[in-house]
Amino acid sequence: MPQPRVIAELAEERLEASDKGLPARAAGLTVREFLASGPRLSEFWTPLLVLDERALAHNAGVIQEWATSHGFDLMPHGKTTMAPALWQRQLDAGAAGITLATPGQVRTARTFGVARIMLANTLVAPAGLAFIASELADDGFAFSCWADSVATIEAMEHALPDAPLPRPIDVLVELGAAGGRTGARTLDEAVAVAERIAGSPSLRLAGVAGYEGSLGHDRSLAALAAVRDYLGHLLELRAAVRPLVGDREFVVTAGGSAYLDVVADVFAPAMAADAAAGLPASWILRSGASLLHDDGFYHGISPLDADADAGSGARSGGAALISAMRGYARVVSHPEPGLALLDGGKRDFPYDEGLPVPFGWAARLGAEEEPLVAASVTAVNDQHGFLRSDAALPVGIGDVVSLGLSHPCTAFDKWRWIPVVEHRGSDRVVDLVRTFF
């Protein structure tokens, strides 16, 4: 088995002229050489996505402390960033492993030696199953995937290599809900899946799983009730199939980045009962957007945001998550007093969970900004953003606008290298984060 790459090796990769946003002088330099030269944000090209080192460190600590204090293991969803250096940051902070969404993402993680991986999806592709079968020869590798039907289990068994597995593949039964995404739609169906796994010679029942985030999109009473009801059903499934695993550790996983407080509240009595009975259990949160947070969707829905309702008890006075990413785009056209066109659009910034939010403007990238009030981005084309205001905009051709972004899951896939400044407002670039999409 080949030796895994280490994060430090990324510093020896050579930057190219085709790497979006990087200064021209970076081409041909290794990342280490470029960072040693003292790069400044003002050198970079727009459009640009920028990360905040201080905010990243802060958020990694906040979400880990929150998970630990509520009795959860944290396995953040790595598909959000597909950046092994950021995965490692959270592993170093105490995360138990990394969650991923596709076999290809799992292979990338194994390339960097990630030792515990949950595939929050089914695994039925023969090539993916063959890869996992070979990786299970490493006794230090822990892997699990999900299944939501008996047909899934049969497909897995049919696609597995003929050679005996080093050990069975751990599988979690996924419970869904009407109007949700994947997952068995009834308790009886889910129990049948668990029983089928328990009888498989090549698979092993490891627990139950679910994703509550598809059942709500806000903090309305209806959304919270739907999430709470679903999580209650997930606990019913746990109680029904728990005896099938005997005295082995039983995994229960839920909790994206929007409703983790509800997950903790609903699960708390069952977690306490397991502890009192001495039953081995692992309760896992998969909050993937928490490391980056944002200025849009998660800012409005996360219980760990600074503006979250203190009366909900979600943060209980603890530290809040802050946005660790910012977009920058330059004014390239100003055809009307209340309209300016920016050079960043769908190819550069996320737009699926809300459009970018303009915060400030400056004569150059990295300079001290003036606030941009009563303005909004009303639309984005492939390479343009429409900045509008009812009043005359104060920006001129060539000025740079800073943008709050929404939904980190669709921000990182547009960039190969992302500069990291030491903190918001600093012009000093201290790192480049490499993505693997």
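Helices (H or I, at least four residues) and strands (E, at least two) are DSSP runs numbered from the N terminus. Arg32 is partly exposed at 44% relative accessibility, and Glu12 is likewise partly exposed at 42%. Here buried means under 20% relative accessible area, exposed over 50%, and partly exposed in between, with a 1.4 Å probe and protein chains only.

A further salt bridge joins the side chains of Glu13 and Arg434 (3.1 Å, N to O). Glu13 lies in the segment before H1 and Arg434 in strand E18 (residues 429-434), so this pair ties together parts 421 residues apart in sequence. Both partners are buried, Glu13 at 15% relative accessibility and Arg434 at 12%.

Arg219 is in the loop between strand E7 (203-209) and helix H8 (221-241), while Asp261 is in helix H9 (residues 260-277), so the contact connects parts that are 42 residues apart in sequence. Arg219 is partly exposed at 29% relative accessibility, whereas Asp261 is buried at 13%.

Shared partners join the salt bridges of Arg5, Glu9, Glu13, Asp19, Arg416 and Arg434 into one network. The structure holds 20 salt bridges.

## Cysteines

A search of the whole structure finds zero disulfides, a disulfide being a pair of cysteine sulfur atoms within 2.5 Å. Cys145 is buried with a relative accessible area of 0%, and Cys409 is buried at 14%.

## Nonpolar cores

The largest nonpolar core has 75 residues; Phe72, Phe143, Ile169, Val171, Leu231, Leu237 and Phe267 touch the most other members. Such a core is a set of buried Ala, Val, Leu, Ile, Met, Phe, Trp, Tyr and Cys residues joined through side-chain atoms within 4.5 Å. A second, separate core of 49 residues includes Val31, Val50, Ala55 and Ala83.

Leaving aside residues up to four places away in sequence, Phe143 touches Val106, Ile117, Leu119, Leu123, Ile132, Leu136, Ile169 and Asp170. Contact means heavy atoms within 4.5 Å.

## The parallel sheet

Eight strands form an open sheet with parallel pairing, in the order E2-E9-E8-E7-E6-E5-E4-E3. At its edges, strand E2 (73-74) and strand E3 (98-100) each pair on one side only. Two strands pair if DSSP finds at least two bridges between them. Strand E4 (residues 116-119) and strand E5 (residues 142-147) pair in the parallel sense over four bridges, and Leu119 stands opposite Cys145 in E5.

Helix H9 lies across strand E8 (250-253) and strand E9 (281-285), running at about 175° to E9. Axes are lines fitted to C-alpha atoms, for helices over the stretch in contact, and angles run from 0 to 180 degrees between N-to-C directions.

## Basis of the values

Residues are numbered from 1 along each chain as its sequence is written, and side-chain values use heavy atoms, with hydrogens and water left out. Because the model is predicted, local features need pLDDT of at least 70 and side-chain atom pairs count only at pLDDT 80 or more, while totals for chains, interfaces and linings use all residues.

Terms used. A salt bridge is a side-chain nitrogen of Lys or Arg within 4 Å of a carboxyl oxygen of Asp or Glu.
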